[in-house]
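Here is a short tour for anyone meeting this protein for the first time. Take a moment with the picture below, then follow the points one topic at a time.

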Amino acid sequence: MRPLGLICFLAAIATGVAQNDVSDASASFTLRSWNEAFALANATVAQLKLDEKIGLVTGVGQFSSRCVGNVNPVARLGIPGFCLNDGPAGVRPTKGVTGFPPGIAAAATFSRRLMRARGVALGEEFRGKGINMHLGPALDLMRNPKAGRGWESFGPDPYLTGEAAFETITGIQSVGVMACAKHYIANNQEHWRYGLIAEVDDRTMHEMYHYPFLRAIEANVSSVMCAYNQFNGTSSCHNAALIGPNGLLRKDGFQGYIVSDWGATHDSAADNANAGLDMEMPGDYILIGGGTFNSFLGLGSLRSDVNSGKVPSSRLDQMVTRVLAPWYRLGQDSGYPPVNFDAQHSDGSGPNNLDVSVRSVAHTALAREIAANSAVLLKNEADALPLKSAGMSGKRVAIIGKDALMLNLNCGDSNECDDGTMTIGWGSGSNSLEFTVPPITALNETLEAAGAVVTTSLSNDKTAGAKAAKGQDVAIVLVNAMSGELGFYQSVNGNQGDRNDLELWFAGSDLVKAVAAVCSNTIVVVHSIGPVNMPWSTNENVTAIMFAGAPGEQTGPALVDVLFGAVNPSGRLPYSIADDEKSYGTTIVTDPGFPLGFPVINYTERLLLDHRYMDVHAITPRFEYGFGLSYTTFEYTGLSITSSATNSQVVSFTVKNTGAVAGTEKPQLYLGYPPSAGEPPKVLRGFDEVQLAPGASQRVVMTLESREMSVWDTPSQSFIRPPGAFTVFVGASSRDIRLTGTF
Ligand code: NOJ
């Protein structure tokens, strides 16, 4: 996979590792069973006074928190004020941490190995900073491609999201850090998120939106964060059908605690506590736009509700026990590092210790590997890629577009920059970009070392771009689009969290067209948090498209890795790229629906998101879900399907590398249900990562467990396998099916 000469050549690229990097925080701890952990938690609760108990289920308040959220300590029993901190793609907002690629990039790798490794590395950095709980992963499906926070999670498919949830949580918790699956539930757009009413039927809920949380429970997740929005008419954080003793989470065996999103509690302490909320964050809270949001579970209200009997003291004990049990289970009661940063003072002021770096050479390399492996090669005509450094001497290359540039790191702690390269969206899911290596740095270094003559036009000005491209052997055009969290910034580049449309930002498509009009070897690099319109993709002068997605801080080196072939691209689209929003079958609801105040959003598309909708409605996307090219080719043969004694079906087949270079294939298994099941035509149920030398082949085995061949049956409230014939589709994408069989 890595031609030797090229490795040495590329290894020299600066990756921005700080000189004072320390090795990973040691994560030696004793993992306890839930039973052992609950026994310890119960014994501790028996020693707590009323106010101490209330303190452990309540945040200290937004501006008293050292971390994004802190609970009150009980010093006399050695219980620290737990530190809860964002976010899903790295420690935020502070310094000396790695800016990992976000969830959508992990999804694009279609690699459980990299999802797990990312989780471990994230956990190591949170532990190193003394953070008890990682506020992630985000498991909200990308119901609509414009959804502002879609990139924090793993795309529109519940199975891929579920597998990513399992691997990420297992990785984070393997080093003793608590993970928090969020946002429960139907938190799928930013417009009106503080109260929109999502109406989701029972089957859709179980098969789509709840499914990733079920996988999180199976990974022993420590906590679940209830969402801002309402679900079927009741706020998520006091919705007993979701979080109560007989609610969905507990029925599926969830043992940890339910924490509110920041300021997501409503009504009285008794309403929240009795419905099933275990912890409120962040305590007193200043609302965006002014006003104070007083803590509902805070000392005053919860104390009087417990004293009056409105909240039984046994319920308060249960809340505290659930908060302490994951802490004991992951061994945080012994030898856990103290909090050594201050998220509220990321500018360097305040009582912090920002010299503690938790970066490591291994984490930088992993961030680069995930970024390179999430890049999706969408088009490659006439071997435009990989660029061959050996033949580059004297070649004229133009680098065009402001996305090549370094971004301004002083524009805030939530990456609401829109002035340079796009590495991640904005809001609480963003991360530190202190060590970003922009494309221009890595490309310049590589091209100059290879003896190329480089011309640049580092704006999106069409005329300047075309002038720079004219007469060049190669023009590399970089364009982007991003989105983020409404609650942080009302508008970035005119977009309020959710994107306004699916166009590239800063007239990116016009720039591509202007360059392609004068250069017959135009290579387009797209940095985007989700699908974008690419009307120029069929332009014959656009010889290659590298959809590099949202790559995190190692964007430049990772881009060079795939453009020059040190890494053979193996990223696969974790969403389809169609020509308009209509092709996805959902909308972002922007009309508040006054006088009701908040819109009611009916999930009438039910199971049909993304390619599932397109399959049913005969819409051909420009690039389909699961698609991605390689610098080599793969052949699929020998499908076998056998039943096992445990009612599972074992699907196996052979993948062979039929090209001239090493590469990694990501075979996918889609299941076709019997018609009576009412399922979409093809449902993702398996994927794998197969690294193959030229000419080599490997037998791939994917097992369909009973639940993966079932549908949710509302009357019995269980997954039931429908009778009839199933079809197995094995292939390189949701539409590039190479083998078909039935059982
Ligand atoms: C609100 C966001 O929705 C959530 O994801 C985040 O963890 C909290 N704020 C804390 O920043």
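Four strands build an open sheet, lined up as β23-β22-β28-β29 with antiparallel pairing. What you see is a predicted model, in which local features need pLDDT of at least 70 and side-chain atom pairs count only at pLDDT 80 or more, while totals for chains, interfaces and linings use all residues. Residues are numbered from 1 along each chain as its sequence is written, and side-chain values use heavy atoms, with hydrogens and water left out.

**The four-stranded sheet**

- Two strands count as paired if DSSP finds at least two bridges between them. Helices (H or I, at least four residues) and strands (E, at least two) are DSSP runs, numbered from the N terminus.
- At the edges of this sheet sit β23 (683–687) and β29 (737–742), each of which pairs on one side only.
- On average, neighbouring strands here are turned by 25 degrees against each other, direction ignored.
- Strand β22 (residues 668–672) pairs with β23 in the antiparallel sense, over four bridges. Within that pairing, L669 has G686 of β23 as its bridge partner.
- As background, strands of a sheet pair through backbone hydrogen bonds, either parallel or antiparallel.

**The three-stranded sheet**

- Another open sheet has three strands in the order β19-β20-β25, and its pairing is antiparallel.
- The edge strands are β19 (634–643) and β25 (697–704), and each of these pairs on one side only.
- From one strand to the next, the twist averages 20 degrees.
- Eight bridges link strand β20 (residues 649–657) to β25 in the antiparallel sense. Look for Q649, which stands opposite L704 in β25.

**Domains**

- The protein chain is divided into domain 1 (29–88 + 132–329), domain 2 (361–574) and domain 3 (632–742). Domain bounds come from an automatic or database domain assignment.
- Taken over C-alpha atoms, the centres of domain 2 and domain 3 are separated by 33 Å. Their contact takes four residues from domain 2 and nine residues from domain 3. Contact here means heavy atoms within 4.5 Å.

**Helix α18 and its partners**

- Helix α15 (residues 439–449) packs with helix α18 (residues 555–563) at an angle of about 45 degrees, and their axes are 7 Å apart. That angle makes α15 oblique to α18. Angles under 35 degrees count as roughly parallel, over 145 as roughly antiparallel, 65 to 115 as roughly perpendicular and the rest as oblique.
- Axes are lines fitted to C-alpha atoms, for helices over the stretch in contact, and angles run from 0 to 180 degrees between N-to-C directions.
- From α15, P439, A442, L443 and T446 meet T555, G556, P557, L559, V560 and L563 of α18. Those contact residues divide into seven nonpolar, three polar and no charged. In this sorting, Ala, Val, Leu, Ile, Met, Phe, Trp, Tyr, Cys and Pro count as nonpolar, Asp, Glu, Lys and Arg as charged, and the others, Gly among them, as polar.
- Helix α14 (residues 361–374) also meets α18: their axes come within 8 Å and cross at roughly 50 degrees. This makes α14 oblique to α18.
- In that contact, R368, A371 and A372 of α14 meet P557, A558, D561 and V562 of α18. By class, there are five nonpolar, no polar and two charged residues.

**Helices α16 and α17**

- Helix α16 (residues 462–469) and helix α17 (residues 508–516) pack at an angle of about 30 degrees, with 8 Å between their axes.
- K462, G465, A466 and A469 of α16 meet D510, L511, A514 and V515 of α17. The contact has five nonpolar, one polar and two charged residues.

**Backbone details to look for**

- Most residues other than glycine have a negative phi, and most peptide bonds are trans.
- D86 and G87 are joined by a cis peptide bond, with omega about -5 degrees. G87 is placed in the loop between β2 (83–85) and α4 (103–108).
- Another cis peptide bond joins K182 and H183, with omega about 0 degrees. H183 lies in strand β4 (residues 178–184).
- A186 is not a glycine, yet has a positive phi of about 60 degrees. Its place is in the loop between β4 and β5 (197–199).
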